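The sequence and the structure are displayed below for reference.

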Amino acid sequence: MTTLETLPTAHARIPMGELGDIGETPRLTSLRTDDGRDAALLLEWEDGATGRFPLGWLRDHCACEACRHPVTRERLYRPLTPVTDIPEARRVDGHLALTWADGHPSRFDAGWLYRRRPGQAADTVIPARRPWAADYAPERIAHADFTGSVAGERAWLEALLRDGLVLLEAGPLADEEVSRLAERIGPLRPTNFGARFDVRSKPNPNNAAYTAIALALHTDLPNWRQPPDIQLLYCLENDAEGGESIFADGFAAAEALRAESPEAFRLLAETPIDFRFQDEEQDIGTRAPILSLDPDGALLEVRFNNWIRDTLRLPSYLIEAWYAAYRRFWRLLHAPEQQLDFALAPGQMVAFDNRRVLHGRRAFDPSTGRRHLQGTYLDLDMCESRLRVLAREAR
Ligand code: OGA
Ligand code: ZN
Ligand code: ZN
């Protein structure tokens, strides 16, 4: 039989994919087997916490060099045969040591198991989404703190993921600063408007944003199968009359719709409609509902952009009901108590979750002064990744 002393040190290493462990954990105090419906080990820690770990799960999570690649730490083990034989199990120095029926040894850190007790929340680094309350005001982070300290960048990312919006302030009036800031987090997400775009009134616009007209609350690029997640808009000039920014928490408004009119909510969630953008070079369209939900009915995404809604192709009997639901949602979104309203100052950058928070602007008068924003997009995965990496550094 393999004894613990002969195990390679990699046995004690935490798999790369499982990093993120922090803090003290109570000692493992007892272990016994439970062969209820499926064979499992019952573990108990000194704080009274218990966990029931099915054998197949334990075998699948072995971190030895045969089961995890020693360099990438990715899984090599394939869970293709049911695990039914109870392994020999011992507690050794804060570890759980198992020897499986075929002689394969596995070793688990008791704290690692403690944090993965079935039913425990998975990720403590990524903040949960918090709907905007009536007195919501955006978190403001100074440019110097964002670029000069881990705490500043973390605070910015946390606010963005939690509230779906965050403001950066007192930045330089420098061309491409938005790209430099975004690239700290991840690669820019390119679209048909480029990886980085200029928002100003242009002579031959291919998009409402490049005029001086008002933009009602909208999400960008709902005509893409996968619209960009995070939008950054960096203000370089804003001297024209008008042009104030408006924002609304689309998830909060959708929840208000669900409470006020479940039927209207259901219609917007269950009825795909067409979105389409066309110019000289492109014709980009997709069909999707205004509200997307997960299997539990929780909101995943809002697609809302009145000027690139395409022909409404629905069965005739649904059309008036769909418009009525759309109007209700529109009114809730634009209700003054739902809306955030402020003028971006040069050197400020707003970042928001384009699949949750809607944005817009008031009309401006280009004859009274200049207005110039630079924008780009980022993937949410990169924002979450950056936050996890920064949290790792802070330990
Ligand atoms: C955009 C947009 C808002 C603004 O470029 O997508 O909505 O304030 N711009 O000009
Ligand atoms: Zn193994
Ligand atoms: Zn927009």
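Which elements do the buried residues of H7 pack against? They pack against helix H6 (250-260), strand S16 (291-293), strand S17 (299-302) and helix H8 (316-334). The model under discussion is predicted. The points that follow are grouped by topic.

**Helix H7**

- Helix H7 spans residues 262-270, and its buried residues are Ala264, Phe265, Leu267, Leu268 and Ala269.

**Asn305**

- Asn305 counts as buried because its relative accessibility is 4%, and the cut-off for buried is under 20%.
- Apart from neighbours within four places in sequence, Asn305 is in contact with His218, Thr219, Pro222 and Phe275.
- His218, one of these contacts of Asn305, is also among the residues around ligand 1.

**Ligand 1**

- Ligand 1 sits in the second largest pocket.
- Strand S10 (215-218), strand S20 (357-361) and S22 are the elements that give two or more residues to the shell around ligand 1.
- The residues around the ligand are Val199, Ala209, Leu215, His218, Asp220, Gln231, His359, Arg361, Arg371 and Leu373.
- An N or O atom in the side chain of Arg371 is 2.7 Å from an oxygen atom of ligand 1.
- For His359, the distance between a side-chain N or O atom and an oxygen atom of ligand 1 is 3.0 Å.
- A polar side-chain atom of His218 lies 3.1 Å from an oxygen atom of ligand 1.
- On its own, ligand 1 has 290 Å² of accessible area, of which the protein covers 96%.

**Thr376**

- Strand S22 (residues 371-378) contains Thr376, and S22 also contributes to the shell around ligand 1.
- Thr376 counts as buried because its relative accessibility is 0%.
- The side chain of Thr376 reaches the backbone oxygen of Ala195 at 2.6 Å.
- With neighbours within four places in sequence left aside, Thr376 is in contact with Val178, Ala182, Leu188, Ala195, Arg196, Phe197, Ile230, Gln231 and Leu232.
- Gln231, one of these contacts of Thr376, also belongs to the residues around ligand 1.
- Thr376 and Arg388 are 12 residues apart in sequence, and their C-alpha atoms are 22 Å apart in space.

Key. Residues numbered from 1 in each chain as written. Chains lettered and ligands numbered in written order. Predicted model: local features only at pLDDT ≥ 70, side-chain atom pairs only at ≥ 80, totals over all residues. Heavy atoms only, no water. Helix = DSSP H or I, 4+ residues; strand = E, 2+ residues; numbered from the N terminus. Buried < 20%, exposed > 50% of the residue type's maximum accessible area, 1.4 Å probe, protein only. Contact = heavy atoms within 4.5 Å. Polar contact = N/O pair within 3.5 Å; in protein donor to acceptor, adjacent residues only side chain to side chain. Near = heavy atom within 4 Å. Areas by Shrake-Rupley, 256 points an atom, 1.4 Å probe, with all protein chains shown as cover. 1 Å grid on protein atoms, 1.4 Å probe; cavity = no way out; pocket = protein on both sides within 12 Å on 5 of 7 lines; lining within 4 Å. Sits in = over half its atoms within 2 Å of the grid points.
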